[in-house]
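Subject: Handover of a structure and notes on its features

Dear colleague,

Please find the structure below, together with its sequence.

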Protein chains: 2
Amino acid sequence: MPEQPANPQPVPDHDSMLSRKFGREVANYFSGSPLNRVGFLRGDNKFLTLALHHPSTQFLLCKDLQPLVSPTQKGKLHYLKYADVKPVIGENPYATTETEMIGMYNSNTYVPQMIFLGIDEKAKEGVEYENKKNIYRGAPYFAVDVTPKGGVKEACEELIKTVTDKGIEFSKGRVMDLTSAQAAIYAEARQLLDWNARNPFCAACGQPTLSVNAGFKRTCPPRDLARTASKTSTDENERPPCVTRKGISNLCFPRTDPTVIMAIVNHAGDKILLGRQSRWPPHWYSTLAGFAEPAESIEEAVRREVYEEAGVHVGRVVIHSTQPWPYPANLMIGAVGQSIPGDGEKIDLGNDPELDDARWFDFDEVREALKVGTSGLGEDAGPGYKEGGLRLPPTTAIANQLMTSVVNGFVSGGMEKL
Amino acid sequence: MPEQPANPQPVPDHDSMLSRKFGREVANYFSGSPLNRVGFLRGDNKFLTLALHHPSTQFLLCKDLQPLVSPTQKGKLHYLKYADVKPVIGENPYATTETEMIGMYNSNTYVPQMIFLGIDEKAKEGVEYENKKNIYRGAPYFAVDVTPKGGVKEACEELIKTVTDKGIEFSKGRVMDLTSAQAAIYAEARQLLDWNARNPFCAACGQPTLSVNAGFKRTCPPRDLARTASKTSTDENERPPCVTRKGISNLCFPRTDPTVIMAIVNHAGDKILLGRQSRWPPHWYSTLAGFAEPAESIEEAVRREVYEEAGVHVGRVVIHSTQPWPYPANLMIGAVGQSIPGDGEKIDLGNDPELDDARWFDFDEVREALKVGTSGLGEDAGPGYKEGGLRLPPTTAIANQLMTSVVNGFVSGGMEKL
């Protein structure tokens, strides 16, 4: 069996009434970041300038959203230093305030996307920054998009060549073999870089937008120096009005799509509903899942999706845990639900033909498959797996964590078993 | 005290192991829709045509996102019939398939936005439609934007005059006094109408987009008949390429912003952390809340927000229930967390100055305020309220439900008390 990343670690929480009653928290893969995002400092260009130039600072390079990975340390990302990335990002992209940046906006200038990810407060060395009586200490982390483009195309190509000549490569495909902490750092970098890349224009007015707030906001500037030479301009650089410039608009902020994923248990409490898509390998099943729709609760979304995909009617729904999923911007909200007895448990794939099959599986069969039948989608099952047996997703998937909780007594067992 | 809507009703779930263990489900205001959205029929223009013209069909009119409300039945929306809205929407906006609509796209034509909300399967009369062996029966519901605009400006104005002349008015301000079922229908209508109105342009390429899939999708058409006369057009109606036309892009689908809201209990289990904003009335507090950020779990978002806003460090987090909140597109994910003893419980407002104050309140004080101190934000507290006492949000707010659960034993009590 291909080596899987360590089980997602429970949060190192203190003993508390909540953890005694509900069990320890399940921390799913891509969560558990070691960074304090200090989001309130993203608009402070003095802080960003200090962070950018500090010797402790780590730069994660991404090319087409793929990160540099360590050639020697398994499961680790490879970080560079300021001197390495300077030819791409320039002396200091944070030299001006946000207001100044907006005033100097020129849509013809390509600026490589950077994200300030946060500070590692446990690092031995780091910046020390005072803000409103509080002092923040830690090693700063940035992500930099080095996909060769625009005016920095050659600088990116040169940097990529220097790095790959040393045997340091960008990962390929889905990055699922990092340690928990590194996976969480990459997830933040990937989701923000991708959001910026997907949204170069304002959805409210169609004009190009500018990345601000250290990569966490896109704004629609009222002027654009690129218009000076344009014949469509009426008043030098002024652009047509845009509603997003008044008050606060969600269009300016990163998008995250809430998704439901659910282990549905039958009313008798001994079977679990799993489904499969036709593109999956034979015998491979997982919990049902789908996007939450506008204006429904998560509990309703669980019931709707299970009805649409499998025809099964669900009663009580309990939310189990959540998982960030940066492909591209999902928030997986994991739930356990129990079906309504009788006709409500009859499987019907005829409403929405998304699934190739859906079936009720005995807990025992799922328990066995969790031991011997898990792997990544493109990988072989473990050595104990017997051909024809049930195959399931690996521990990095919240589906696996939900099934594990259910067969270990989430529905009927003691609270300590959650 | 102004009359409050009925307490959100628990889901009418069957007795199940899950509900015995975790208690009945809390259904928050704006959830609990009586409609089956039958989302898999949104792309079927034969079904939509049938639904549009059926005598059982209900049309909810919105002007600037405000719905028509019943002048006689408190808490009810007022619906119109096809004949009423025909002058605005035309004979049949679903006469063509999605492919045909995209082929005929003309960005100069204003089409009043419509949303297919679903079918009420419990209505006495309704459509009957067969799709892939399954039969769907129910009274269809549509939302129609009648804000006077474009080529239908006059038709909208006339319809509005006819209706208001009868004493039927559009609501004003936040609509918080509908019954649970009506509130859920309105939430769906509002969030979808608003999303379409906010996103007339493609964020990937800046070109205008077209509403399809009965209001649940916006697509970036490859051609635009409005370009024929344009000098910028190179090949008749063809538009520049757009990445959203290849595969599936989340930009084409409605956006929902996940938000965390949390009742934080101290380690000893007898106090709850509440905060207030400066714009609120004196003595008014609520649970802390904030947007989830990209690539963090809900549990992490809870810990981050509480740290940022109040300086308190939280350990175990348990998700309690969720609430759709259509102002404009939030999904409130309600959680209970417990703080880490010692310095972790010290309040510090100095990180992110969002709150005017944050304090630990004894359960007893909160319990009393839940009895006598709740109301809508602009309203007076109840008759039992004594000046200077704690004031809290009404039962329609998930904050109220979280606090109620906590003082009734969510953290330490028996499961039946949840």
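The notes below go through selected features of this structure, one topic at a time. Please bear in mind that this is a predicted model.

**Aromatic rings**

A search of the whole structure gives 27 aromatic pairs over all chains. Y285(B) belongs to the loop between β11 (271–276) and β12 (288–291) of chain B, while F361(B) is in strand β15 (residues 357–362) of that chain, so the pair ties together parts that lie 76 residues apart in sequence. Are these two residues buried or exposed? Y285(B) counts as buried at 5% relative accessibility, and F361(B) counts as buried at 1%.

Y285(B) has a further contact: the charged end of R276(B) sits over its ring, 5.9 Å from the centre. In chain A, R391(A) lies over the face of Y385(A), at 5.8 Å from the ring centre. Chain A also holds a cluster in which ring pairs link F47(A), F59(A), Y94(A), F116(A), Y129(A) and F142(A).

**A hairpin in chain B**

Strand β13 (residues 314–325) of chain B has 12 of its 12 residues buried, so it is largely enclosed by the rest of the structure. Its partner is strand β14 (residues 330–339) of chain B; the two run antiparallel and are joined by 9 bridges. As one example of this pairing, V317(B) has G337(B) as its bridge partner in β14(B). β13(B) and β14(B) form a hairpin, with 4 residues between them.

P328(B) lies in the loop between these strands. A cis peptide bond joins Y327(B) and P328(B), with omega about -5°. In chain A, a cis peptide bond likewise joins Y327(A) and P328(A), with omega about -5°; P328(A) is placed in the loop between β13 (314–325) and β14 (330–339) of chain A.

**Positive phi values**

N213(A) has a phi near 55°, a positive value in a residue other than glycine. N213(A) is found in the loop between β8 (210–212) and β9 (217–219) of chain A, and counts as partly exposed at 21% relative accessibility. In chain B, N213(B) has a positive phi of about 55° although it is not a glycine. N213(B) is located in the loop between β8 (210–212) and β9 (217–219) of chain B and is partly exposed, with a relative accessible area of 22%.

**Cysteines**

How many disulfides are there over all chains? The count comes to 0. For C220(A), the closest cysteine sulfur is that of C205(A), 3.5 Å away; this is too far for a bond, since a disulfide requires the sulfur atoms to be within 2.5 Å. C220(A) is buried, with a relative accessible area of 3%. C156(B) is in no disulfide either, and the nearest cysteine sulfur, that of C62(B), is 12 Å away. C156(B) is buried, with a relative accessible area of 1%.

Which residues of α5(B) are buried? They are C156(B), L159(B), I160(B) and V163(B). Seen down the helix axis, these buried residues fall within an arc of 100°, so they line one face of α5(B). On the other side of the helix, E154(B), E158(B), K161(B) and D165(B) are exposed.

**A loop residue in chain B**

Finally, L77(B) is found in the loop between β2 (66–69) and β3 (79–80) of chain B. L77(B) counts as buried, at 5% relative accessibility. L77(B) and T179(B) are 102 residues apart along the chain, and their C-alpha atoms are separated by 9.2 Å.

Yours sincerely,

A colleague

Definitions and conventions: Residues numbered from 1 in each chain as written. Chains lettered and ligands numbered in written order. Predicted model: local features only at pLDDT ≥ 70, side-chain atom pairs only at ≥ 80, totals over all residues. Heavy atoms only, no water. Phe/Tyr/Trp six-rings, centres within 6.5 Å; stacked < 30°, edge-to-face > 60°. Buried < 20%, exposed > 50% of the residue type's maximum accessible area, 1.4 Å probe, protein only. Lys NZ or Arg CZ within 6 Å of the ring centre and 35° of its normal. Pairing = 2+ DSSP bridges. Arc of directions from axis to C-beta.
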